[in-house]
Amino acid sequence: MDSTVKALFDIYQSFFDITFVQHNNGKELWHEDVSTLEVIDNNTKAVLGYVVLDLFPREGKFSHACCASVVPPCERKEEDGVFTPALTVVIANFPKATKDAQALFMHDDVETFFHEFGHAIHGLMGRSKMCTFAGTRVKRDFVELPSQMLEEWLWDRAILQKVSKHYQTGKPLPDELIDAKIASQNAFSGRDSLRQLQFAQFSLQLFNTEFNKEGSTLDTTQLYRDIQAKTIKGLKGSDNGHFECAFGHLMGYGAGYY
């Protein structure tokens, strides 16, 4: 894992002409596993901001992966063209090394980290005179674009060779495995797109329901099953499931999930 993370940092430093200075200051924060990256602009030598990395699971921690913007990069009123250093936090739950086992990344793990770290860099570089529009505080339709664009690099042959390293031999992925990986990129993409359409339809219909009418009720589980039956033909979910109770983005995005 360490070699992959270092390679990812090298890629971002090269892409954006920045330098990362790592501070192992977890004991000063909320957990000793946490560390901080100081991000420096190579052209101006100014500190763009800080990225706090909280990458490993622990009891009671948020179980998903996300990036939280804490301090946006806003222009200082008293100094034109000078911006406050931003602060973002990347939260993930990647496997942690033990005495008996190495911490190994799946490709999905690397893609997730590349994606969330893309949000972090967006949070540092999206500078504005108005804090309400700084960092990742953009239109919902745009907020995922930079990260999704950046994660596409993980399907590039040269990038896959750079970020991969066998934990025993130190060798990168062989060409035949890279070819197979790239060839599988679109596997199940149709089903995945329909699944996202299913989520979007559920969100739109749920938030379009008039709950203020007297006696109005809605069976959210049945609504989801009905949408699933129309969207993904031939696939039936569990009769005992209540997916809407685990749909975390339903509240964050609301009717704008699409």
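Two strands pair if DSSP finds at least two bridges between them. By that rule, β2 (residues 35-41) and β3 (residues 47-54) form a hairpin with five residues between the strands, and K45 there takes a positive phi near 65°. The model is predicted. Its largest nonpolar core has 34 residues, and a second, separate core has 11 residues.

**Strands around β3**

- Strand β3 covers residues 47-54 and is mostly covered, with six of its eight residues buried.
- With β2, strand β3 pairs in the antiparallel sense over six bridges.
- Within this pairing, V51 of β3 stands opposite L37.
- Strand β5 (residues 86-91) runs parallel to β3, and six bridges join the two.
- The bridge partner of V52 in β5 is V89.

**The nonpolar cores**

- Among the 34 residues of the largest core, those with the most contacts inside it are F20, V51, L53, F113 and F117.
- Elements giving two or more residues to this core are α1 (2-16), β1 (18-23), β2, β3, β5, α2 and α5 (157-163).
- Helix α2 supplies the largest share of the core, seven residues.
- Beyond its neighbours within four places in sequence, F20 is in contact with F9, Y12, Q13, L37, E38, V39, F117 and I121.
- The second core, which is separate, includes L206, I227, F247 and Y253.

**Helix α1**

- The 15 residues of α1 should span 21 Å at 1.5 Å a residue, and this agrees with the model because the end C-alpha atoms of α1 are 21 Å apart.
- Buried residues of α1 are T4, V5, A7, L8, F9, I11, Y12 and Q13.
- These buried residues pack against β1, β2, β3, α2, α4 (145-151) and α5.
- Just after α1, D17 takes a positive phi of about 55°.

- S128 is found in the loop between α2 (107-125) and α3 (140-143).
- The relative accessible area of S128 is 16%, and buried means under 20%, so S128 is buried.
- Apart from neighbours within four places in sequence, S128 is in contact with P73, C74, E75, F83, F133 and A134.

Terms used. Residues are numbered from 1 along each chain as its sequence is written. This is a predicted model: local features need pLDDT of at least 70, side-chain atom pairs count only at pLDDT 80 or more; totals for chains, interfaces and linings use all residues. Side-chain values use heavy atoms; hydrogens and water are left out. Buried means under 20% relative accessible area, exposed over 50%, partly exposed in between (1.4 Å probe, protein chains only). Helices (H or I, at least four residues) and strands (E, at least two) are DSSP runs, numbered from the N terminus. Contact means heavy atoms within 4.5 Å. A nonpolar core is a set of buried Ala, Val, Leu, Ile, Met, Phe, Trp, Tyr and Cys residues joined through side-chain atoms within 4.5 Å. The expected span of a helix is 1.5 Å times one less than its number of residues.
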